[in-house]
Amino acid sequence: MIHLGGYKPRLSLHNSLFKALVTKPGGSCKQHLKQAEFVFHNLITHGLKIHNDIYGGLIWLHSYQDVIDKERIESLRAEMKSLGIEESVEVRVSVLRACAKEGDVSEAERTWEKILSSNNKPPAQAFLYLMEVYSRIGKPMKSLEIFRSLQKRGPPNVVSYYKIVELLCKAQETELAESLMVEFIESGMKPLTRSFIDMIHMYYNLSLHDKVESTFLRCMEKCRPNQTVYSLYLDSLVLTDKLDRAEEIFNQMHADEAIGVDAKSCNTILSGYLASANYAKAEKIYDFMREKKYETESPLKEKVEYILSLKHKQVEKSLSTKLSKEQREILIGLLLGGLRVELDEKKKSCAVNFVFRENFQIHSFLKRHIYNQFHEWLASKLMDNDDENIPYQFTTVSHTYFKFFADQFCPQEQPVIPKLIHRWLTPRVLAYWYMYGGYRTSSGDILLKLRFGKEDVLRITKSLKANSLNCRVKKKGTVFWVGFLGSDAAEFWKLTEPFVLADLKEFLEAGIESSNGSSKTSNVNFSSDDDSPPN
């Protein structure tokens, strides 16, 4: 509307739009810089008053960019000064963040002095960015000095330990890094995984492979299994020709859904097999990678295909695209839990839009597992499958295969329970329904969410009872809740437990009373007589 001319948005609309662009954490909204600059430009063009927070928000966005526009930040600060707007502590912290990325120690020290003069208790973030600045110019001891000064203000938090261990590891100050890591462990703070990863990286880069192994084992004692930790250890084993142990670790990763394998770990073990002339196992891994559509590194691919050509084996250029039985069952379970399949514009094929709830621990574990399970189908793939990088929403390619699920679960774009659901309620389907759209209450009962109509709920409860799973149904707002109470919850758990992710069992096991029952279901009352499925 603005581009077409003749429309002048109100100041309140500009402010609201700008606020929406900067409300998410910096790392996730840094791509909104162009839109924010556009709003700022319109405020200037239309002669509207620019609020202090607009300048602060724009500098904040610039400070999170991968490439810092130093001149733009300086010009915004100059405008603030000319208008008599005093820089807030938040603005100065943003300037420090930018300095940390650029290694601009002169501006960082000037800004730090301003923070100290205006605030008796500088925010912890400011200390961390100043530590980063000195690390950038090769002064890790100065970074440690700042960390110690932060400790004097009060007990340090997990993030401050992450930062100092990271910086000392990058500087390859092994003794200091080890000392800080011991201090971190003895503090009792968790999680420790990120710092263990930094330590393993340092030892690997220094070719201290015995210490890579000992740190890996210590990490396994203190932390949950982690794919990045296992992958680094796998790299070390292959590099030092400990192929039997490398194979053992790779198989552990593949068997444990809480860890999983990715393109990087597959390329690592493939390189080990090729280097040791174990061509049969190399071929097997190569076939697995093609099935998963993992990209094989060019030198490895050339060598494998040359070996296969010597065996007169025709290498297929592409695999037939078909969901496995496990993938089909997972998808049905997620669809029951609220997932939706989206038709394309021509309504000839469909895509699955996987959406997981942020700040929900169960979904944090589940999203990486689903990402790995459907890796070959995803529209865009990450190079690094670390937990922190996998988004809470990702989409498959549009494909005719998914149209079957759309026709079954969402004909006429309205959610329904398929008439054949009684054939599809396998233990795995129920387990993924539970993990995606279910809860364990504080009393240990199990609730499953259904966003379908009354007839659909009746159909699925009949199917559950036909499988000897007794349940009750309650409606709360627009949602039906299927409840498995007491011994019924125990029976449901006994059936589904083998298919629940290892990391989620402590959150979902039936019969265990906890204080972390979902607030969304805490007032779903199944104690009244009106507990039958809707008629």
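Some housekeeping before we go on. This is a predicted model, so local features need pLDDT of at least 70 and side-chain atom pairs count only at pLDDT 80 or more, while totals for chains, interfaces and linings use all residues. Residues are numbered from 1 along each chain as its sequence is written, and side-chain values use heavy atoms, with hydrogens and water left out. When I say helix or strand, I mean DSSP runs numbered from the N terminus: H or I with at least four residues for helices, E with at least two for strands.

Okay, the sheet. Strands of a sheet pair through backbone hydrogen bonds, either parallel or antiparallel. Ours is an open sheet of four strands in the order E4-E5-E7-E6, and the pairing is antiparallel. For two strands to pair, DSSP has to find at least two bridges between them. E4 (438-440) and E6 (472-476) stand at the edges with a single partner strand each, so one side of each is left without a neighbour in the sheet. On average, neighbouring strands here are turned by 25° against each other, direction ignored. For angles like that, axes are lines fitted to C-alpha atoms, for helices over the stretch in contact, and the angles run from 0 to 180 degrees between N-to-C directions.

Now look at E5 (residues 446-450) and its partners. With E4, the pairing is antiparallel over three bridges. Tyr-439 stands opposite Leu-447, and Arg-440 stands opposite Ile-446. The hairpin of E4 and E5 has five residues between the strands, and Gly-444 in it takes a positive phi near 95°. With E7, E5 pairs in the antiparallel sense over five bridges, and there Lys-449 stands opposite Trp-481.

What lies across these strands? Helix H23 (residues 427-437) lies across E4, E5 and E7 (479-484), running at about 85° to E5. Helix H25 (residues 487-496) packs on the sheet too, touching E5 and E7, and its direction makes about 75° with that of E5. Contact, by the way, means heavy atoms within 4.5 Å.

Let's move to a couple of other helices. H19 (residues 325-336) has twelve residues and reaches 17 Å from its first C-alpha to its last, close to the 16 Å expected at 1.5 Å a residue. That expected span is 1.5 Å times one less than the number of residues. H19 is mostly covered, with nine of its twelve residues buried, including Gln-327, Glu-329 and Ile-330. Just after H19, Gly-338 takes a positive phi of about 125°.

Over in helix H13 (residues 209-222) you'll find Thr-215, which counts as buried at 10% relative accessibility. Leaving aside residues up to four places away in sequence, Thr-215 touches Phe-196, Met-199, Ile-200 and Tyr-203.

Last topic: aromatic rings. Rings of Phe, Tyr and Trp (its six-membered ring) pair if their centres lie within 6.5 Å; planes under 30 degrees apart are stacked, over 60 edge-to-face, and the rest tilted. By this rule, the count comes to 22 aromatic pairs. Take Tyr-161 and Phe-184: their ring centres are 4.8 Å apart and their planes at 5°, so the pair is stacked. Tyr-161 is in helix H10 (residues 158-170) and Phe-184 in helix H11 (residues 174-186), so the pair ties together parts that are 23 residues apart in sequence. Tyr-161 counts as buried at 3% relative accessibility, and Phe-184 counts as buried at 0%. For Phe-288 and Tyr-294, the centres are 6.3 Å apart and the planes at 70°, so that pair is edge-to-face.

There's also one aromatic cluster formed by Phe-354, Phe-356, Tyr-371, Phe-374, Phe-394 and Tyr-436. And Arg-357 lies over the face of Phe-360, at 4.1 Å from the ring centre. The rule there is NZ of Lys or CZ of Arg within 6 Å of the ring centre and within 35 degrees of the ring normal.

Key: Buried < 20%, exposed > 50% of the residue type's maximum accessible area, 1.4 Å probe, protein only.
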